[in-house]
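Hi,

Here is the structure I promised to pass on.

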Amino acid sequence: MSNFVFVLDTNKRPLDLVHPGTARHLLNSGEAAVLRRFPFSIILKEARPEATVQDLELKLDPGSKVTGIAIKQGNKIIFGAQLQHRGQQIQNALLSRRQLRRGRRNRKTRYRQARFLNRTRPDGWLAPSLQHRVLTTMTWVQKFIRLAPITCLAQELVRFDLQLMQNSEISGVQYQQGELKGYEVREYLLEKWNRRCAYCSVENVPLEVEHIQAKSKGGSDRVSNLTIACHGCNQGKGNQDIRDFLSSQPDLLNRILKQAKSPLKDATAVNSTRWVLFNYLKETGLPVTTGTGGQTKFNRTRLELSKSHWLDAACVGRIDGLEVLTSKPLLIVAKGHGTRQMCGTDKYGFPTRHRCRTQIHKGFQTGDIVKATVTAGQKIGSYRGRVLCRASGSFDIVTTAARVSGISHKYCQPIHKKDGYSYG
């Protein structure tokens, strides 16, 4: 089932989300018109002052690459989305710019000297690739607040001492014997080892926490000495030294030893941005609740839900039960708003092309989502995707499958204006 549809009255006051069938009936009867395609929203043509709205909760599962979003009404999940960030692209672009500038300085060309002591970083400064994750998430939070009667927010943030809340006398080793025992470390290891056995790479089977150097041989419980293995590999290795166990597979041995000590880059990015995002959410004026990663997984496992970012968002915080009424989340991919460069360069930093200042051609702008139905020529067919515009009127359309070039602007019909994202 698809996501429920956002509804606004004539004064753009958000109303309850409706079933896609109800929205289709309102459109066919002429009682409403399409306001936005992504996320799909309709606006009523007549005011309904008597309409009452139910409180909704917007739930977030912030991630380094993908942030899960879910909207909950009571105990029902009526909308889901996954927001894919472009933090790594930003980092790569800044690295490329820095390398080009340093290359020009080292060649003693006509370029200003480096000034490394002329700037300061304010308190709470984040790298652009990390700040992007926060601002992009907040953009969509504000968008959903305008489209739906959101009354509270929930974010996966920190670990609460849930056992102390239930038992004020708990202490010592009892902390290791609660309902969430091992969930935090296990979730860390699953992410680090890509949710597959480190030894045989099998997926979708029960996985166990395994000590690379057995505890009986002096191994510790540090995460750098832990990995994930299936039951067969775990039992087959036993307390053997990993070098003896993988003596016939030197490449696999080297990969495991290297990955065991590697930091979890994505977890570091989330840890760096979670409090900043939390403070931004509080500035909306809505009450904000939080939950831990272990609590989210505990809820998802208890409710027997599949692993996905938007379902993780639905399981954030304390919940008794969930009824998921949608199975097709909106897939949002951050694409940016282009570049301000007026001169393109090659890999050495030398100019190769100049760019036109005009951004709108034939009524279209690069980044618009269009539908093109070609009826003549070599490219007969129907295409839908983001458009790349040229002054000549010959456009390229980037679809989910490929990039189609040489499409005339006469065949293109606008679907969604450029907003820096693509949708699926």
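Let me start with the inside: the largest cavity holds about 60 Å³ of space. A cavity here is a set of points, on a 1 Å grid over the protein atoms alone, where a 1.4 Å probe fits but cannot get out; grid points are joined across faces, edges and corners, and the volume is the space filled by probe spheres set on the points. By this rule there is one cavity of 30 Å³ or more.

Before going on, the ground rules. This is a predicted model, where local features need pLDDT of at least 70 and side-chain atom pairs count only at pLDDT 80 or more, while totals for chains, interfaces and linings use all residues. Residues are numbered from 1 along each chain as its sequence is written, and side-chain values use heavy atoms, with hydrogens and water left out.

Back to that cavity. Its lining (residues with an atom within 4 Å of a point) consists of Pro 62, Gly 63, Thr 67, His 85, Arg 133, Val 134, Thr 137, Val 270, Thr 273 and Leu 277. Helix 3 (128-147) and helix 9 (265-282) each give at least two of the lining residues; helices are DSSP runs of H or I, at least four residues, and strands are runs of E, at least two, both numbered from the N terminus. By class, the lining has four nonpolar, five polar and one charged residue. Nonpolar covers Ala, Val, Leu, Ile, Met, Phe, Trp, Tyr, Cys and Pro, charged covers Asp, Glu, Lys and Arg, and the others, Gly among them, are polar.

Next, Asn 225, in the loop between strand 8 (207-211) and strand 9 (226-230). Asn 225 is buried at 10% relative accessible area (buried is under 20%, exposed over 50%, partly exposed in between, with a 1.4 Å probe and protein chains only). Its side chain reaches the backbone nitrogen of Gln 213 at 3.0 Å. Beyond neighbours within four places in sequence, Asn 225 has contacts (heavy atoms within 4.5 Å) with Glu 210, His 211, Ile 212, Gln 213, Gly 219 and Ser 220.

The Phe 38 to Pro 39 peptide bond is cis, with omega near -15 degrees, and Pro 39 sits in the loop between strand 2 (32-36) and strand 3 (41-44). Asn 194, not a glycine, has a positive phi near 60 degrees, and Arg 195, also not a glycine, has a positive phi of about 55 degrees. Arg 195 is partly exposed at 26% relative accessible area.

Cheers

Methods. A polar contact is a pair of N or O atoms within 3.5 Å; within protein, one must be able to donate a hydrogen and the other to accept it, and residues adjacent in sequence count only if both atoms are side-chain atoms. On a 1 Å grid over the protein atoms alone, a cavity is a set of points where a 1.4 Å probe fits but cannot get out, and a pocket is an open set with protein on both sides within 12 Å along at least five of seven lines; lining residues have an atom within 4 Å of a point.
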